[in-house]
Amino acid sequence: MKKLLSTLVSLACAVTLAACGSGSSSGSSDAVTYGFLDETLGTESYAIGFRIGDDELAETVTAAVKALVKNGTYQEIAEKYPDIKDYLSLKAEDISDDEIAEQGSGDPNFTFKHGFDLDYPPYSYLQDDGSVGGFDVELAQAVCEYLGWGYEAVPFNWDFKDAELNAGSCDCIWSGFTKEGREDMYTWGITYSSNTQMIMVSSNSGIKTLDDLAGKTVGVQISTSAAEMLEGDRADLAATFGDLKIYETYTVAYNDLKAGAIDAVAIDVTAGSYLIANDQ
Amino acid sequence: MGKESNLSETVFQMDNIRKSFGENNVLKDISVSVNKGEVVSIIGPSGSGKSTLLRCATFLETIDAGEIRYRDITAVTTTDGKAVYRSSADLQKAQRRFGLVFQQFNLFPHFSVLKNVMDAPVSVKKQSKEAAQAKAMELLRKMGLEDKADAYPGQLSGGQQQRVAIARALAMEPEILFFDEPTSALDPELTGEVLKVIRLLAEEKMTMVIVTHEMPFARMVSNRVVFMDGGVIVEEGDPEDVFGNPQQERTKQFLRNYQQ
Amino acid sequence: MSFSTMLSTMIPGMFRTCAIFFLTLLFALPLGLVVMLLRKSRFPVISGITKVFIAIMRGTPLMLQLLVWYFSPYYLFRLSISGYRFTAILLGFSLNYAAYFAEIYRAGIEAIPVGQYEAAQVLGYSKFQTFFKIILPQVIKTILPAITNEVITLVKDTSLAFSLAYSEVFSIAKQISSSQTSFTPFLIAGVFYFVANYLVAYAMERLEQAFKYYD
């Protein structure tokens, strides 16, 4: 027992040290900041993906989102997420009254199963208090509340999103979900946000343009739009890189960037801004 | 007169036993019977089939042809030249009639000495724990091991382990006890204590069949000696005759080799 | 997010990890015995099928098996899998570990000298008594170190449940890590796994001690 206690204590020390270590390193490197290149990789739009054939559900949710734009709930939720506010594309003045769903018009016995990645801030992620949240989660919850549906959160592993949707464990994929390139694979609901894929670099890297990336090491998170772009439309650009490193999460990629292990990170501007803003 | 009739009562009989392992005929038409109170020693060179004979008698090996009887219970008969074993209920009944002491003791290492001796009477014969324990302690005392009751087999010498194994077999109160080279796995200085116990049992008129290499012991303790070679019984009879005046050339040669 | 919020967010995940761990052991330890008996069956069809089962369970990644168990009811039978996540995880873990345990049991049983069976037979023990009274206790003693290894692997393998997005401690650590851009949750998870394995090793050592009463 004594042995166990001493082991625990030493581990606790290790954790504390590690925490302090990360704090002090960012403190001493005040001069270095992180930002994006002016040239972008491309833009994309975020929409809600439903199973092929679920047109009625897609239309109902779309009409409800429009109602929330019209009554200002959409903008209210957006206020909480300054990193993505500018990219939310829906405007009240563009929506006519006959497009919107009636409040409480949903089947009260229906529970809407919202499928999303819990790893994708600020659209869907664990909040500071440990609860499930994010712009998409709040908007989906607001839709259910507006229609009178029950809401069920179905966080899933992003790699298996299609299997989850097809097998019916969720009714939609709604988690910063890019429509471009997937137009025929889903029945699409409303496009509610846009995003831009950019290159994040440190201020002292000397990289100013996409051409400067020649021979450099660039990191990207697996299965993201930025990754798909670099493997697809922008493969020509990726071919000039010294190396394209695929990461499990952007957190690791970002830390590698800070540590100097890689030169740049290809990332959505919203997710990138979130990383920079939340780096204490 | 009563003693005489007891002695003539056949406790165990095997007739015309044949057994082969593949091409190798190990037992070629062997017949042995043992009367109550008799001590029979089986001797012979390695590979003569004497251990196989014992394993067939105790159902550890199945015979190809022949007949095995334990007093009134027939365990195996032969029809059309093939051995037919009786129902498992009959075999179980026959099993109760005999005990077997192994060359390698085969004690249960996770049971204490006491439990090794008393567990089968309780678990198999459904004796009460108290009765089985009393009987087990009595047997251990007889084996000179009452102070080892709580020890585990791994803590005992080979000679002690073999005496526990004898007690374990006796606890089931068999009519006949088989020994398969009971001292072969023992250091020479430990064989004496085991042989002493067997001699004690012989004096108590325990019916026994002993496969052994201990010739002087066999001569001293047996009522009858069976000499086996090449899967057949070459010669059998009174120990004084077989050892002192063997009739067959092969017996003479075996005993000569043994004395050198 | 403060350290204490991080910890309290992860605690339910620790309980879920423990649930996977204990329930897997509860099902896999006896199931392994069944698999081992089928493997040793006299009927070649049964032992053959079991052999293939064990080969698949040991020869493919557990993560893949979890996906198959979770998604196959839909893809094979068009059944809804809503609410089936945890059951699929337990199914996957239990069958996988049962296969490993079965092979450990088999090795343990084959290490028991044939003389033990013969002694039991001659004394009249039934097959059932022979197995449970004579053989199994000796087998347990010999296989305990191998079982300990498997159990420790299981503690770490529970993190594979993240592939089915079950919020055990590792999934939550990953989620907090991306929302907080911090590695601290992984450190907490690491300490958790370490302590859990320390306790497992301690418990198994006590168990091994308990079987040391004989050699």
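The model is predicted, so to speak only of what was counted: local features need pLDDT of at least 70, side-chain atom pairs count only at pLDDT 80 or more, and totals for chains, interfaces and linings use all residues. Residues are numbered from 1 along each chain as its sequence is written, chains are lettered from A and ligands numbered from 1 in the order in which they are written, and side-chain values use heavy atoms, with hydrogens and water left out.

Take chain C against chain A to begin with. Here 34 residues of chain C are in contact with 39 residues of chain A, contact being heavy atoms within 4.5 Å. About 3100 Å² is buried between the two chains, and carbon and sulfur atoms give 64% of that; buried area is the accessible area (1.4 Å probe) that two parts lose on being put together, summed over both. A trio made up of C:Gln175, C:Thr181 and C:Tyr198 supplies 18% of the area that chain C buries against chain A, more than any other three residues.

On the charged side of things, three salt bridges turn up between chain C and chain A, a salt bridge being a side-chain nitrogen of Lys or Arg within 4 Å of a carboxyl oxygen of Asp or Glu. In one between C:Lys174 and A:Glu248, the closest N and O atoms are 3.8 Å apart. As for secondary structure, α1 (3-39), α3 (62-77), α7 (169-180) and α8 (184-210) of chain C are the elements giving two or more residues to the side that touches chain A. Helices (H or I, at least four residues) and strands (E, at least two) are DSSP runs, numbered from the N terminus. With eight residues, α7(C) has the largest share of that side. The residues there split into 20 nonpolar, 12 polar and two charged, where Ala, Val, Leu, Ile, Met, Phe, Trp, Tyr, Cys and Pro count as nonpolar, Asp, Glu, Lys and Arg as charged, and the others, Gly among them, as polar.

Chain C also meets chain B, through 18 residues from chain C and 23 residues from chain B. The area buried between them is about 1900 Å², with 59% from carbon and sulfur atoms. Two salt bridges are counted, including one between the side chains of C:Lys133 and B:Asp119 (3.2 Å, N to O). Polar contacts link 13 residue pairs across this interface, both residues at pLDDT 80 or more. Both α5 (114-123) and α6 (127-157) of chain C supply at least two residues of the side that touches chain B, and α5(C) gives the most, with eight residues. That side divides into nine nonpolar, six polar and three charged residues.

Chain A has 10 helices and 12 strands.

Over in chain B, B:Glu235 sits in strand β11 (residues 232-237). B:Glu235 is buried yet has no salt bridge, and the nearest side chain of opposite charge, B:Lys252, is 8.0 Å away; Lys and Arg count as positive and Asp and Glu as negative, while His and the chain ends are not counted. What the B:Glu235 side chain does make is a polar contact with the side chain of B:Thr251 (2.7 Å).

Technical notes:
Polar contact = N/O pair within 3.5 Å; in protein donor to acceptor, adjacent residues only side chain to side chain. Buried < 20%, exposed > 50% of the residue type's maximum accessible area, 1.4 Å probe, protein only.
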